[in-house]
Amino acid sequence: MRRADRLMRLVQIMRDGSLHRAGDLARATDVSLRTIYRDMETLAASGVPIEGERGIGYRVTAAITLPPLNLTMTEVEALHLGLNAVSRSDDPELSSAARALSGKLDAVMPEDRSRAPGGYGFAIYPFADAARGFQHLPILRQAVRTRQKLELLMQDKKRIVRPLQLDYWGRLWTCVVWCETTAQFDEIRVDQITSQRILPSLFVDEPGKALKDFNRLKA
């Protein structure tokens, strides 16, 4: 597991706000205690609101807000697309400024404040990895709004999913889905989608397969 992927996994584990011992986190991510201690320091430095210490445990304490700037999902997407383009500029000063601004934004958002804390600043996530996922966001956003099923190709495997919600983690986007292929909920990373296709069939909420059921499982 790459370090960036492991850090994301740690945030997902701790997003419930409970106290998690370093040993349990180490076993869950198959690394040493020393690595977990370094990861906690990295996440804290990236703006993730973590409290705790060695020998006791760690917890994510709260969502980070950025008042009075309340951005929609589409506005966040546009912002990061623009920053990504500027960061690749031949002008070193502009490129550096874009990356610095992106890091500052990553450290103080999420965008969705209508539910329990779920997406946190994740400034350490590689820019190039996140950029690969931008191309898939328009279709995913449309499918969430219109409740259309999607066929996804991920790691050479096809999956039929019901997209329920897009989440922002700071450069990285995930999508909560009910996967008809595996018959369970999943949080897929948008940057890991190889291709996607909108299917002609729509979906409706069914017991055990709706977003409220996913949120209840995460509570």
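Student: How many salt bridges does a search of the whole structure find?
Tutor: Side chains of opposite charge can pair when their charged atoms come close. A salt bridge here is a side-chain nitrogen of Lys or Arg within 4 Å of a carboxyl oxygen of Asp or Glu. Across the whole structure, the number of such salt bridges is 14.

Student: What kind of model is this?
Tutor: Residues are numbered from 1 along each chain as its sequence is written, and side-chain values use heavy atoms, without hydrogens and water. Local features need pLDDT of at least 70, side-chain atom pairs count only at pLDDT 80 or more, and totals for chains, interfaces and linings use all residues, since the model is predicted.

Student: Which residue forms a salt bridge with Glu-41, and where is that residue?
Tutor: The closest N and O atoms of Glu-41 and Arg-54 are 3.8 Å apart. The pair links distant parts of the chain, 13 residues apart, with Glu-41 in helix H3 (residues 33-45). Helices (H or I, at least four residues) and strands (E, at least two) are DSSP runs, numbered from the N terminus. The partner is Arg-54, in the loop between strand E1 (50-53) and strand E2 (57-60).

Student: Is Arg-54 buried or exposed?
Tutor: Buried means under 20% relative accessible area, exposed over 50%, and partly exposed in between (1.4 Å probe, protein chains only). Arg-54 has 52% relative accessibility, so Arg-54 counts as exposed.

Student: Which residue forms a salt bridge with Glu-180?
Tutor: The closest N and O atoms of this pair are 2.9 Å apart. Glu-180 lies in the loop between strand E5 (173-179) and strand E6 (184-189), and its partner, 31 residues apart from it, lies in strand E3 (residues 148-154).

Student: Which residues are linked with Lys-149 in a network of salt bridges?
Tutor: Linked with Lys-149 in the network are Arg-162, Glu-180, Glu-206 and Lys-209.

Student: What is the volume of the second largest cavity?
Tutor: On a 1 Å grid over the protein atoms alone, a cavity is a set of points where a 1.4 Å probe fits but cannot get out, and lining residues have an atom within 4 Å of a point. A volume is the space filled by probe spheres set on the points. The lining of the second largest cavity includes Arg-162, Glu-206 and Lys-209. The volume is about 30 Å³.

Definitions and conventions: On a 1 Å grid over the protein atoms alone, a cavity is a set of points where a 1.4 Å probe fits but cannot get out, and a pocket is an open set with protein on both sides within 12 Å along at least five of seven lines; lining residues have an atom within 4 Å of a point.
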